[in-house]
Amino acid sequence: MKRAATARARANIALAKYWGKRDDALNLPAVPSVSITLDPLVTETRVVFDDALESDTFELDGAPAQAGELARVVRLLDEVRSLAGIGARASVSSVNHFPTAAGLASSASGFAALAGAASAAAGLDASAGELSARARRASASAARSIYGGFAELPVGDSDGLAARPIAPADHWDLRVVVAVTAEGRKPVGSRSAMTVSRETSVYWDAWVAAAPSLTLQIREALLARDMARLVPLVEQSFFAMHAVAMSASPSILYWQPASVAALATVRRLRDEGVLVCPTMDAGPHVKAICLSADVERVERALAETEGVLRTVVAQPGPGIEIEVEPS
Ligand code: PMV
């Protein structure tokens, strides 16, 4: 048997942040989250199940992946094999078609694309919800990248927990300006950072208690396309997430001097009347969310900020696209 499929999935940026797990084994988030799926930040993944292969292989951007990355991929492939009742090993190749090193090559687009391509190549007729749950078991933020536009991942205690769509990409013409502030990989991966945050931050319980209401308000502002309301809420979710990480022991600080400079630039733009808010994930880059009418001004200000290496502009994009190759 030899069967191949290719999937394209996009990165996403959380407006209401996911940070921390309620169940490590099932990979269930402790808080709900809301995100925008981003064009043109596409990961394309091809999976070939082939009886002639002796073991699974995983190539990322043309180079063999590290052992830890391969292990996470194999876990997802094992789930798909067991559901499909097949034993064939797979070769997986994944390419990030991101504008040069956007600093956003997260696991979200990668595991969403892998869940889609592996399921299709194995002949499974999976619904979007099933694909989302499959992606979530590997990386919870990946659950949201199955859907285009705006999506949410609620909290839940079942292994079938999946993200769901909130609104399509054309619901709101937002822009996300990424200010890239450093090269290379992040110092602490999100998985271990979340564990240390839960186990040691004095703010952990407050974060888990506050997140549901904050997420609900963000969802409402999004549906109402109310930027003046959205801006302070997104900012609060992001600062609260980082406050939890920073107050862990050992402390997790993703910020670089240029991150702080970019945050100051966004604050200045706000003082000048521009409706723009910053957010950051488990890394040093600052992402500024604004209306399309303001994107040039926001991008220029960030590009001129000391220490910012370059900027990349993204916008709401489509959900996962899957193609099965004729066998
Ligand atoms: O990469 P993951 O799925 O372990 O989670 C990362 C979570 C953040 O990107 C930091 C926030 C979010 O909600 O996407």
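Biologist: How many salt bridges does the rule find across the interface of domain 1 and domain 2?

Modeller: The rule finds three salt bridges across that interface. Please keep in mind that this is a predicted model.

Biologist: Where do domain 1 and domain 2 lie in the chain?

Modeller: The domain assignment places domain 1 at residues 2–171 and domain 2 at residues 174–316. Taken over C-alpha atoms, the centres of domain 1 and domain 2 are 23 Å apart.

Biologist: How many residues of each domain are in contact?

Modeller: On the side of domain 1 there are 38 residues, and they are in contact with 42 residues of domain 2.

Biologist: And what area is buried between domain 1 and domain 2?

Modeller: About 3,400 Å² is buried between the two domains, and carbon and sulfur atoms give 65% of that area.

Biologist: Which residues of domain 1 lose the most area to domain 2?

Modeller: They are L15, K17 and W19, which together make up 26% of what the domain 1 side buries.

Biologist: Now for the helices. At what angle do the axes of helix 1 and helix 2 cross?

Modeller: The axes of helix 1 (residues 67–84) and helix 2 (residues 107–121) cross at roughly 35 degrees and come within 10 Å. The crossing of helix 1 and helix 2 is right-handed.

Biologist: Which residues make the contact?

Modeller: Helix 1 contributes R72, V73, L76, L77 and V80, while helix 2 contributes F111, L114, A115, A118 and S119. Of these contact residues, eight are nonpolar, one is polar and one is charged.

Technical notes:
Residues are numbered from 1 along each chain as its sequence is written. This is a predicted model: local features need pLDDT of at least 70, side-chain atom pairs count only at pLDDT 80 or more; totals for chains, interfaces and linings use all residues. Side-chain values use heavy atoms; hydrogens and water are left out. Axes are lines fitted to C-alpha atoms, for helices over the stretch in contact, and angles run from 0 to 180 degrees between N-to-C directions. Helices (H or I, at least four residues) and strands (E, at least two) are DSSP runs, numbered from the N terminus. A crossing is left-handed if the near helix is turned anticlockwise from the far one by less than a right angle, and right-handed if clockwise. Contact means heavy atoms within 4.5 Å. Ala, Val, Leu, Ile, Met, Phe, Trp, Tyr, Cys and Pro count as nonpolar, Asp, Glu, Lys and Arg as charged, and the others, Gly among them, as polar. Domain bounds come from an automatic or database domain assignment. Buried area is the accessible area (1.4 Å probe) that two parts lose on being put together, summed over both. A salt bridge is a side-chain nitrogen of Lys or Arg within 4 Å of a carboxyl oxygen of Asp or Glu.
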